[in-house]
Amino acid sequence: MKNVKTDHNVPVDRSIVLVGMMGAGKSAVGRQLAQRIGLPFADADHEIEQAADCSVAEIFEQFGEEYFRAGERRVIARLVEAGPIVLATGGGAFIDPATRALLLEQTITVWLNAEFDVLWERVSKRSHRPLLRTQDPQGTLRKLMEERYPIYEQAHLTVISDRAPKEQTVLRVMEALSAQSESGKE
Ligand code: S3P
């Protein structure tokens, strides 16, 4: 009762990094997960925006995706280097080979796996995502899912993100992390 840390068995010696598509809930789930397990939270997109002093959409518009990915690689490396945190990444971060290699080696990665309808419901409410500013955003989203899901599958853990309240998804992530740490002890 006195020790708040005993309310979970989630290992906090490595960063926990949420990966997955736009709209999978990485930031919302990550923020709440961080609170529950007592680690600091960072959102990679937000950190990139702060470092560049402009929005992700502006970076894409003015400098292009490659430039954004290079900044994303640097920011994620810096955040991981600084010590254990819960980190929400942008949807393309884990697709970048260098960022993926770093995350797989130094952190515990959790793929928030969501179906098309769930993602579309969430992303269509907002228009700030540069990759979906196409003639056919639904088609673009499907194409990105097809290209990316085999890569997201390489994450250490997979947790379903569906229409359940985000608290539920946070619990699923905590269970998956605890189970993994238990199996590592055997
Ligand atoms: C991107 C996802 C975005 C952001 C950028 C590129 C992607 O982050 O990093 O627009 O390649 O999927 P969210 O996944 O937080 O929307």
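A pocket, in this predicted model, is an open set of grid points where a 1.4 Å probe fits, with protein on both sides within 12 Å along at least five of seven lines.

View 1. Start with the spot where the ligand sits: the space it takes up is the largest pocket. Around the ligand there are 14 residues, and Lys26, Asp45, Arg69, Arg129 and Arg148 come nearest. Sort that shell by class and you get six nonpolar, three polar and five charged residues.

View 2. Zoom in on the ligand's oxygen atoms. An N or O atom in the side chain of Lys26 is 2.7 Å from a ligand oxygen. With the glycines, look at the backbone instead: a polar backbone atom of Gly91 is 2.8 Å from an oxygen atom of the ligand, and for Gly92 a backbone N or O atom lies 3.3 Å from a ligand oxygen. How much of the ligand's accessible area does the protein cover? On its own the ligand has 380 Å² of it, and the protein covers 93%.

**View 3. Two rings in helix H6.** Now for some aromatic rings: searching the whole structure turns up six aromatic pairs. One of them is Phe116 with Trp120, a stacked pair with 6.4 Å centre to centre and 0° between the planes. Where do these two residues lie? Both are in helix H6 (residues 116-123), four residues apart, which is about one turn of the helix.

How values were computed. Residues are numbered from 1 along each chain as its sequence is written. This is a predicted model: local features need pLDDT of at least 70, side-chain atom pairs count only at pLDDT 80 or more; totals for chains, interfaces and linings use all residues. Side-chain values use heavy atoms; hydrogens and water are left out. A residue is near a molecule or strand if one of its heavy atoms lies within 4 Å of it. A polar contact is a pair of N or O atoms within 3.5 Å; within protein, one must be able to donate a hydrogen and the other to accept it, and residues adjacent in sequence count only if both atoms are side-chain atoms. Accessible areas come from the Shrake-Rupley method with a 1.4 Å probe; for residues, only the protein chains shown count as cover. On a 1 Å grid over the protein atoms alone, a cavity is a set of points where a 1.4 Å probe fits but cannot get out, and a pocket is an open set with protein on both sides within 12 Å along at least five of seven lines; lining residues have an atom within 4 Å of a point. A molecule sits in a cavity or pocket if more than half of its atoms lie within 2 Å of its grid points. Ala, Val, Leu, Ile, Met, Phe, Trp, Tyr, Cys and Pro count as nonpolar, Asp, Glu, Lys and Arg as charged, and the others, Gly among them, as polar. Rings of Phe, Tyr and Trp (its six-membered ring) pair if their centres lie within 6.5 Å; planes under 30 degrees apart count as stacked, over 60 as edge-to-face and the rest as tilted.
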